[in-house]
Amino acid sequence: MSINNLAELLQLSQDTITALLEDGIDPELEFDIEHHVVSDNFDKLEKAAVELVKAGYHVDDAEEFETEDGTLCFYFAAVSESTLDEEVLAEQTRQVCEIAEAAGVEYDGWGTYLGEYEDEDEEDEDDLSLPH
C-alpha cells in the first residue's frame with residue numbers, strides 16, 4: 001500500500017507554483033526548495049536521507065516533534081535550488097516521492113522562503129544528525 005499519493009503531490013506542486021507566480025514572484029529567481037520528509041521511524045527516515053543525498057539533495061538535520069495524539073515523529077528537509085520551473089519541480093517531486101515511498105516514509109511536499117533567512121549558524125541542541 002502506498003503512503004504517498006504522487007498525483008496529489010504533483011497537483012500541490014503546481015498549485016504552489018501558480019500561487020507564487022500570482023503573488024508576483026519573478027519566475028527567473030532561484031530559490032532554495034525544501035522537500036519535507038517525515039516518519040515516526042528514525043531508521044526509515046535516515047534511509048531516505050541517505051538516498052536523497054545520493055540523488056544530489058542537501059539534507060538538513062532531522063528534528064523531532066510530537067503529534068496531537070502523542071506520537072513522536074521526525075522530519076527533515078531535502079534541499080535543492082531551482083527557479084519556479086513547473087517541469088523541474090514536478091521531476092523533483094516525483095524523485096523525492098519515489099525515494100520516500102521506497103524508504104517507507106511520508107513526503108509532505110515542498111516549500112520555499114521568500115523573505116529573509118533566519119540565522120542558520122545557530123544550532124538547536126535537540127536536532128538529530130542525518131548524513132549531508
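This is a predicted model: local features need pLDDT of at least 70, side-chain atom pairs count only at pLDDT 80 or more; totals for chains, interfaces and linings use all residues.

Author: Residues are numbered from 1 along each chain as its sequence is written, and side-chain values use heavy atoms, with hydrogens and water left out.

Reader: How many salt bridges does the count come to?

Author: Side chains of opposite charge can pair when their charged atoms come close. A salt bridge here is a side-chain nitrogen of Lys or Arg within 4 Å of a carboxyl oxygen of Asp or Glu. By this rule the count is 2.

Reader: Which residue meets Glu51 in a salt bridge?

Author: Helices (H or I, at least four residues) and strands (E, at least two) are DSSP runs, numbered from the N terminus. The N to O distance is 3.3 Å, and the residue is Lys54.

Reader: Is Lys54 buried or exposed?

Author: Buried means under 20% relative accessible area, exposed over 50%, and partly exposed in between (1.4 Å probe, protein chains only). Glu51 is partly exposed at 34%. Lys54 has a relative accessible area of 62%, so Lys54 is exposed.

Reader: What is the distance between the closest N and O atoms of Arg94 and Glu91?

Author: Arg94 and Glu91 are 3 residues apart in helix H3 (residues 86-103), about one helical turn. Arg94 is partly exposed at 36% relative accessibility, and Glu91 is partly exposed at 46%. The two form a salt bridge, and their closest N and O atoms are apart by 3.8 Å.

Reader: Which residues gather in the patch of negative charge on the surface?

Author: Patches are made of residues with over 30% relative accessible area and no salt bridge, like charges being joined within 9 Å and nonpolar side chains (Val, Leu, Ile, Met, Phe, Trp, Tyr) within 5 Å. Asp85, in the loop between strand S4 (72-82) and H3, is partly exposed at 33%. Glu86, in helix H3, is partly exposed at 47%. The patch consists of Asp26, Glu28, Asp85, Glu86 and Glu87.

Reader: How many disulfides does a search of the whole structure find?

Author: A disulfide is a covalent bond between the sulfur atoms of two cysteines. The search takes a pair of cysteine sulfur atoms within 2.5 Å. Cys73, in strand S4, is buried at 9% relative accessible area, and Cys97 is buried at 6%. The number of disulfides found is 0.

Reader: How far apart in space are Phe65 and Asp40, C-alpha to C-alpha?

Author: Phe65 lies in strand S3 (residues 63-66) and is partly exposed at 31% relative accessibility. In sequence, Phe65 and Asp40 are 25 residues apart, and the C-alpha distance is 9.5 Å.

Methods
Accessible areas come from the Shrake-Rupley method with a 1.4 Å probe; for residues, only the protein chains shown count as cover. Lys and Arg count as positive and Asp and Glu as negative; His and the chain ends are not counted. The place of a charge is taken as NZ of Lys, CZ of Arg, CG of Asp or CD of Glu.
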